[in-house]
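Have the coordinates open and follow along. We start with the overall make-up and then go element by element.

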Amino acid sequence: MRRIACTLSLLFTLSAASVPSSGNVIRAEDQRVAEVAFRLAVRGVARCPITTPNAGLVLHHLSQYKLDDRPTAVTQFGIDRGPGVLAVVATGAAAGAGLRAGDVLLRIDGVAIAPEPFIGERHDQRRARARADEVSDLVDTAAADGALTLTVLRGGIETAVHVMPVPACPSRVHLARSSQLNAFADGTHVLLTTRLLTLTKTDDELAFVIAHEMAHNILGHAAEMRAMKRDKDGLAGLLARPALTRRTEREADRLAAELVLDSGYTIAGAERVLHALDRGFTGPTFLANHDSTRDRIAALQAYASARAGSLQ
C-alpha cells in the first residue's frame with residue numbers, strides 16, 4: 001500500500017498501558033483487524049496455492065512488551081506463564097471451542113510451550129518476532145491433521161479446549177501502535193499501523209488495505225524485490241525498481257479485489273481508502289511506484305464490473 005520508512009520493530013512492540021481490557025475484548029482495534037483478516041483469509045482460500053490452518057486466534061507474548069512494561073503485562077494478563085490470547089474471532093473455531101480473550105496458552109496437544117528466553121533483557125524486535133513465529137508455527141503444525149487441543153489457564157484453572165481450524169490463506173496480520181501512516185508486507189507478515197487503521201472508517205476500507213498486503217505475500221512479491229535488489233545495482237537497479245514495483249502493485253490490487261469480493265466486502269471501500277491515502281506524485285511517471293489513484297480505481301472498478309457480469 002504505502003511503503004514509507006517503517007520497520008517490523010513496530011509489529012512486535014507493545015505497551016501494557018495501551019492494551020486496556022474490557023469484557024472479553026482486550027483491545028477493540030486488534031479485534032477489528034482480526035475479524036477482517038480472518039474473513040479474507042477463509043473466504044478467499046480458493047485463491048491461495050498454499051494454505052494454513054486458521055482458528056481465528058491472535059496471541060501476544062511477553063517479549064513483545066518493552067522491558068519496563070513487562071511487570072504490568074504480567075499482572076494484567078499473566079503472560080509470564082505462556083502466550084496470552086489477545087483476540088478471538090467471533091466466527092472462528094477458537095471461539096466456537098470456548099476460547100476467550102485473556103486466556104493464557106500453556107500447552108499444545110499436551111506439549112508445554114517453552115518459556116520465553118531473554119525476558120529479563122530489553123526488547124529486541126528480532127527475538128520478539130522469532131518468538132511469535134515459533135508459537136504460531138507450533139499451532140499450525142499441531143493443526144495439520146485437522147484438530148488440536150489447547151490447554152489454557154483461565155482464572156487460575158487449567159482447561160483443555162479442542163479446536164478444529166479451517167484452511168485459509170496464510171495471514172499473519174498484525175497491528176502496530178504507530179503514528180506512521182503505513183501498511184507493509186514482508187513475505188510472511190502483514191503490518192498495518194493504528195494511524196492507518198483510524199483512517200479506515202469502514203470494514204470495506206480496512207478489508208482492501210489488508211487484502212492488498214496479503215496479496216503481496218500470496219504472490220511472493222517480497223522475494224521478487226529482494227532478488228532484484230541482489231541481482232541489479234547502480235543505475236540499472238534504480239531504473240528497474242519502479243517498474244517492478246508498479247507491476248507488483250497492479251497484481252496485488254487485482255488479487256486484493258478478488259479477496260475483497262470473495263469475502264463479501266465492496267470495491268467502494270477500496271476507492272475511498274485509495275483517495276484518502278493519495279498524496280500525489282509529481283515526478284516522472286517511470287519513477288512512480290504506483291499507477292495513479294485514478295487509474296488504480298478505474299482498474300478495480302473494471303474488474304468488479306466484469307466479475308459481476310460473469311456471474312449473471
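Helices here are DSSP runs of H or I at least four residues long, and strands are runs of E of at least two, numbered from the N terminus. The model is predicted. On that basis, the protein has 10 helices and 11 strands. Threonine 245, for instance, lies in helix 8, which covers residues 234–262.

The protein has 312 residues, and 47% of them are buried. Take the contacts with a separation of 6 or more. Residues 24 or more positions apart account for 72% of these.

Stay with threonine 245 for a moment. Is this residue buried or exposed? The relative accessible area of threonine 245 is 6%. The cut-off for buried is under 20%. Threonine 245 is therefore buried. Which residues does threonine 245 touch, leaving aside its neighbours within four places in sequence? They are Met225 and Asn289.

Next, helix packing. Two packed helices are described by the angle between their axes and the distance between the axes. Begin with helix 1 (residues 28–43) and helix 6 (residues 203–218). Their axes come within 10 Å and cross at roughly 60 degrees. That angle makes helix 1 oblique to helix 6. The crossing of helix 1 past helix 6 is right-handed. On the helix 1 side, the contact is made by Arg32, Val33, Val36, Ala37, Leu40 and Ala41. Helix 6 supplies Asp203, Leu206, Ala207, Ile210, Ala211 and Met214. Sort the residues of this contact of helix 1 with helix 6 by class: 10 are nonpolar, 2 are charged and none is polar.

Helix 6 has another partner. It packs with helix 9 (residues 267–277) at an angle of about 75 degrees, the axes lying 7 Å apart. Angles of 65 to 115 degrees count as roughly perpendicular. Helix 6 and helix 9 are therefore roughly perpendicular to each other. From helix 6, Asp204, Glu205, Phe208 and Val209 take part. They meet Gly269, Ala270, Arg272, Val273 and Leu274 of helix 9. In this contact of helix 6 with helix 9, 5 residues are nonpolar, 1 is polar and 3 are charged.

Move to the loop between helix 8 and helix 9, where serine 263 is found. Its relative accessible area is 0%, so serine 263 is buried. What does serine 263 contact beyond its neighbours within four places in sequence? The partners are Arg39, Leu40, Arg43 and Gly44. Leu40 also belongs to the contact of helix 1 with helix 6. Serine 263 and glycine 44 are 219 residues apart along the chain, yet their C-alpha atoms are separated by 6.6 Å.

Cysteine 48 and cysteine 169 form it, with their sulfur atoms 2.0 Å apart. The torsion about the S-S bond is about 95 degrees, so the disulfide is right-handed. The pair links distant parts of the chain, 121 residues apart. Cysteine 48 sits in the loop between helix 1 and strand 1 (52–54). Cysteine 169 sits in the loop between strand 8 (166–168) and strand 9 (172–176). Cysteine 48 is buried, at a relative accessible area of 7%. Cysteine 169 is buried too, at 0%.

Turn to the strands. Leucine 106 lies in strand 4. With a relative accessible area of 8%, leucine 106 is buried. Leaving aside neighbours within four places in sequence, leucine 106 is in contact with Arg81, Val111, Ala112, Ile113, Thr151, Val152, Leu153 and Glu158. Leucine 106 and proline 83 are 23 residues apart in sequence, with a C-alpha to C-alpha separation of 7.5 Å.

Finish with two backbone angles. Aspartate 109 has a positive phi of about 50 degrees although it is not a glycine. Its place is in the loop between strand 4 (104–108) and strand 5 (111–112). Aspartate 109 is partly exposed, at a relative accessible area of 39%. Phenylalanine 118, also not a glycine, has a positive phi of about 65 degrees. It belongs to the loop between strand 5 and helix 4 (125–142). Phenylalanine 118 counts as partly exposed, at 44% relative accessibility.

Notes: Residues are numbered from 1 along each chain as its sequence is written. This is a predicted model: local features need pLDDT of at least 70, side-chain atom pairs count only at pLDDT 80 or more; totals for chains, interfaces and linings use all residues. Side-chain values use heavy atoms; hydrogens and water are left out. Buried means under 20% relative accessible area, exposed over 50%, partly exposed in between (1.4 Å probe, protein chains only). Contact means heavy atoms within 4.5 Å. Axes are lines fitted to C-alpha atoms, for helices over the stretch in contact, and angles run from 0 to 180 degrees between N-to-C directions. Angles under 35 degrees count as roughly parallel, over 145 as roughly antiparallel, 65 to 115 as roughly perpendicular and the rest as oblique. A crossing is left-handed if the near helix is turned anticlockwise from the far one by less than a right angle, and right-handed if clockwise. Ala, Val, Leu, Ile, Met, Phe, Trp, Tyr, Cys and Pro count as nonpolar, Asp, Glu, Lys and Arg as charged, and the others, Gly among them, as polar. A disulfide is a pair of cysteine sulfur atoms within 2.5 Å.
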